[in-house]
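Let's take a walk through this model together. Have the coordinates open as you read.

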Amino acid sequence: GPKNYDASTGYKSKSMLVTPLKNHKNEIIGVLQLLNAQTETGEVIPFSAEYENLVASLASQAAVALTNNRLIWELKEALQTIKALFDAFIKSIATAIEEKSSYTGGHIERVAKLTMMIAKAINESSEGPLKDVCLSEDELEELRLAAWMHDIGKITTPQYIMDKATKLETIFDRIHMLETRFQLIVSLTENAYLHRKLGLLQGGNGDESELSQLDAACAREVQGIGEEFEFVRSCNKGFMDGDKIAHLREIANKTYILDGQAHPYLTEEEFTNLSVRKGTLTDEERKTIENHVVMTWDILYPLPFPHALANVPDYAREHHEKLDGSGYPRGLSGKEIPLQSRILAIADIFEALTARDRPYRDPMKLSKAIDILKFMKQDNHIDPNIYDLFVSSSILSKYAREEMNPEQIDAE
Ligand SMILES: [Fe+2]
Ligand SMILES: [Fe+2]
């Protein structure tokens with residue numbers, strides 16, 4: 001109060017006019033205090049009553065200014081909190097997606113990192129076909145969000161398809177089911193021979209040579225069934241050509257009798273899966289995988305992005321499009337594919353190629369990854385200008401140093 005103030009400063013408060021500062025809710029948020037009214041000659045006098053109104057209106061203006069200031073500050077803080085929350089939420093979803101598959105750990109974060117490195121390099125380029133491209137702060141943020149959410153649709157992809165290691169795998173690998181079935185077929189076959197032997201013996205006309213002929217025929221047949229199963233097992237992984245598919249067809253068409261009913265060695269669905277020529281996915285499963293970009297759009301489109309970020313859903317959906325129109329989901333070509341998606345596509349492919357933690361293969365050498373990208377450029381799949389900038393910039397060596405194993409880095 002004035003007493004303490006006077007004591008500490010030597011000032012003498014003689015007259016005083018005090019008005020409370022009230023906000024729109026009529027809460028007192030401060031006090032306007034005038035001290036020591038003076039005459040023209042500097043003599044301290046009491047405040048006259050006519051000042052009270054003037055000061056009261058000053059006080060109300062000061063209260064409005066103070067309140068505004070506080071609201072703006074609170075709004076800024078609230079916005080920052082929401083932004084941080086949104087960012088953290090996006091990262092949680094990325095974690096959830098990557099939890100689904102041991103094949104893609106860290107993919108999303110690295111794609112986002114690489115995407116922004118390329119975007120920055122484009123902004124900084126002062127020569128070449130991309131020298132005039134400059135993404136604004138808002139556009140960079142839009143691209144960053146699209147990168148973090150590009151695979152968000154994978155949240156809906158069935159887990160067994162994401163990680164399908166063999167052709168017969170659904171929730172579990174059905175090869176063991178087939179193994180049991182073929183063992184049953186062997187037992188049924190042996191049974192049939194035993195019955196024939198029993199018939200001969202009971203009729204009293206089974207001589208030694210006839211019986212051993214039956215044994216040999218049984219052994220041959222059982223061996224054949226074993227070989228057929230081994231062939232089926234070999235089809236569960238790896239390449240298939242026309243001859244192998246034809247042989248598989250023959251085996252599938254054979255039947256065994258159980259409870260008086262004929263059953264095929266392989267069901268049509270098993271045959272379809274086993275005759276996949278390359279990889280493990282049937283056409284239908286491949287479509288389900290490819291559908292993740294449609295799902296990405298379906299998930300992102302309803303979100304009320306502010307105007308400056310309105311293209312996030314489109315940029316994310318278009319990351320598997322190819323310049324020649326052979327990509328998915330829409331088959332866009334050339335300039336129909338936004339620049340942002342073309343950046344994202346290169347980051348996505350390069351990360352997938354060079355990831356050092358894929359359980360199914362050794363980490364790829366940097367030079368090989370660059371070669372593959374080069375072929376994709378020649379095939380008119382990826383943007384040649386972004387590719388050229390990407391391989392000639394310092395991005396490669398920086399990214400390689402930070403995200404790849406030293407053994408992978410065999411090029412600059
Ligand atoms: Fe994708
Ligand atoms: Fe991806």
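This is a predicted model: local features need pLDDT of at least 70, side-chain atom pairs count only at pLDDT 80 or more; totals for chains, interfaces and linings use all residues.

Residues count from 1 along each chain as written, chains are lettered from A and ligands numbered from 1 in written order, and side-chain values use heavy atoms, without hydrogens or water.

The protein splits into domain 1 (2–81), domain 2 (101–164 + 287–408) and domain 3 (175–280), with bounds from an automatic or database domain assignment. Between the C-alpha centres of domain 1 and domain 2 there are 58 Å.

Now zoom in on the iron ion (ligand 2). Its donors (N, O and S atoms within 2.8 Å of the metal, or 3.2 Å for Na, K and Ca; water is not among the atoms, so sites may look incomplete) come from His107 (NE2), His150 (NE2), Asp151 (OD) and Asp348 (OD), at 2.2 to 2.3 Å. Along the sequence, the spacing reads H-x42-H-D-x196-D. Asp151 also coordinates the iron ion (ligand 1), 3.5 Å from the iron ion (ligand 2). His107 is buried (under 20% relative accessible area; exposed is over 50%, partly exposed in between, with a 1.4 Å probe and protein chains only) at 5%, and Asp151 is buried too, at 2%.

Over on domain 1 (2–81), Val31 is exposed, with a relative accessible area of 52%.
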